[in-house]
Amino acid sequence: MAAEAQEKNLYLLPDGKLSFSAPTTTKNDYKEFVSDPMNPVPFIDGIDFDMKREYMTADQRFAEKRPDVLTYQTDVLDNDVTLAGNIWANLKVSTTGTDADWIVKVLDVYPDTATANQFTGKDVKMAGYEQMVRSEAMRGKFRNSFSNPEPFVPGKVTPVNFELQDVLHTFKKGHRIMVQIQSTWFPLIDRNTQQFQDIMKAKDTDFKKATHRVYSSKANPSYLKVRVL
């Protein structure tokens, strides 16, 4: 099936749209957020002392409401879209710190008319459900090499490219494709001090807030490289 798939780019646009059409703006547009490692984005909604496997498909509406999560989504799909094979995140980013984590989540957004079925979990509302389809994290200092970490130059636009798990998923007509980007995902990944240092030796005072930008311009496009059947 993957041999029949066509490689396309899903671009993050400055107005929060997600589109197969590249950005045309010549301005160096971006969206930014403040990442605070002392107030990290949780991996599920609410407090839990166990690593619940439900997080892999859990509703991400709680994350969309946070100011430290960037959200991009397509218009309502007028036909089914099936992604098959590898997904590569190609981000253009900057930070006021010298290190940052980059988490990319691909979501299937259900229409407001969606209703429960025999597989719907307890207390789950399917109308507007934001189902996580794939997700992955990259610790920024390892963006070019896992053996030779590199700091970010504060404020400098920098490519961060990494692979998400491969996929075979159909986004149904009437649904939307959404991408969320964040820099904390606790406790799935440990908190980053957002400074170029050995985190295992960090003190509480080493954990600093930083402002992160994701760029969406013609010169600095951010996109997911996907395969569409």
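Pro-187 sits in the loop that links strand S9 (176-182) to strand S10 (210-215). The model is predicted. The peptide bond from Phe-186 to Pro-187 is cis, and its omega is near 0°. Most peptide bonds are trans.

Stay in the loop between S9 and S10, and you will find Gln-194 there too. Its backbone also deserves a look. Gln-194 is not a glycine, yet its phi is positive, at about 65°. Most residues other than glycine have a negative phi. Is Gln-194 buried or exposed? Its relative accessible area is 3%. The cut-off for buried is under 20%, so Gln-194 counts as buried.

Now step back from the loop to the sheet. Strands of a sheet pair through backbone hydrogen bonds, either parallel or antiparallel. Here, four strands make up an open sheet. Read across it, and the order is S4-S9-S6-S7, with antiparallel pairing. Which strands stand at the edges? They are S4 (69-73) and S7 (130-139). Each has a single partner strand, so one side of each lacks a neighbour in the sheet. Neighbouring strands of the sheet are also turned against each other, by 20° on average when direction is ignored.

Finally, zoom in on one pair within the sheet. Strand S6 covers residues 101-109 and runs antiparallel to S9. How many bridges join S6 to S9? There are seven.

Key: Residues are numbered from 1 along each chain as its sequence is written. This is a predicted model: local features need pLDDT of at least 70, side-chain atom pairs count only at pLDDT 80 or more; totals for chains, interfaces and linings use all residues. Side-chain values use heavy atoms; hydrogens and water are left out. Helices (H or I, at least four residues) and strands (E, at least two) are DSSP runs, numbered from the N terminus. Buried means under 20% relative accessible area, exposed over 50%, partly exposed in between (1.4 Å probe, protein chains only). Two strands pair if DSSP finds at least two bridges between them. Axes are lines fitted to C-alpha atoms, for helices over the stretch in contact, and angles run from 0 to 180 degrees between N-to-C directions.
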